[in-house]
Amino acid sequence: MLWPVDRVSPGQTDSVVDDTELEALYAYPETLDRAWTQVNFVSSADGAVAVDGKSAGLSSPADKRIFALGRDLADVVLVGWGTARDEGYRGVKRTEVRTRRRTALGLSEVPPIAVVTGRCSIGPDSTLLTDTLVPPIIVTTESAPAERRTKLTDAGADVIVAGDGRVDMAAALRALSDRGLRRVCCEGGPTLFGELIAEDLVDQLCLTVAPLLAGGREGRIAVGTPPAAPARMELASVLTDDGFLMLRYRRDGAA
């Protein structure tokens, strides 16, 4: 169960956040004229982004609830190919709660997954294409092999070319917006998050901090070229469950 830390101690069950309150808390802005990007991440208390190479070792039932909510409220799920490959991504599935939420919001049955891969490294036999209710979107570059792009198109993917030698994330988000996909839920990984930070494209960060000391050589949640100046974020909400903190940071003035 989730509690707001500003008005609860673990024994006060009357302050548990229910689904309706959670949906309102994490809702995207009602009116959008551009892609609005939320990033979801989990980290250990000492800053590790994974345990044994996967984020599952840091998660909890409450974190998974927030993760699923991000997908439920989004027009599109954005993810880097490395994360999609390592975490064994498939298309987003139907659930009873997801169907109820998305129907109430007038959204499509499930959001497509948009995979960022500069070299178009995903193959047409990937489970993102073979185990999905809706075709994925592949975000790649002009320099990616044309044969790979053609094979993915033939397999049913919507291929977006954004940039030449590297993916231009601003152009990619404009292309998603042009498709009516403006509620963007980014699920990582660290390289993609770093690129979004560098291009000043992050509107909200939903960060779960696990009460674990992971040590080891795991990286941080964002890596890459630093921005011209750090983006100032406001702490919009704090929830807790079983020692886990669910933090929501929103860009100053983001709407």
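A crossing of two helices is called left-handed if the near helix is turned anticlockwise from the far one by less than a right angle, and right-handed if clockwise.

## Basis of the model

This is a predicted model, in which local features need pLDDT of at least 70 and side-chain atom pairs count only at pLDDT 80 or more, while totals for chains, interfaces and linings use all residues. Residues are numbered from 1 along each chain as its sequence is written, and side-chain values use heavy atoms, with hydrogens and water left out.

The predictor's confidence in each residue, pLDDT, runs from 0 to 100. Its mean for the protein is 92, and 93% of the residues reach 70 or more. Over residues 7-14, however, the pLDDT is below 50. Where pLDDT is low, the predicted coordinates should not be read in detail.

## Helices α2 and α4

Helices (H or I, at least four residues) and strands (E, at least two) are DSSP runs, numbered from the N terminus. The crossing of α2 and α4 is right-handed. Contact here means heavy atoms within 4.5 Å. On the α2 side, Ala 68, Leu 69, Arg 71, Asp 72 and Leu 73 meet Val 97, Arg 98, Arg 101, Arg 102 and Leu 105 of α4.

## Strands β5 and β6

Strands β5 (residues 137-140) and β6 (residues 158-161) run parallel and are joined by four bridges; two strands pair if DSSP finds at least two bridges between them. Val 139 stands opposite Ile 160 in β6.

## Backbone details in loops

Gly 188 and Gly 189 are joined by a cis peptide bond, with omega about 5°. Gly 189 lies in the loop between β7 (183-186) and α8 (190-198).

Cys 120, a residue other than glycine, has a positive phi near 55°. Its place is in the loop between β4 (113-116) and α5 (127-130).
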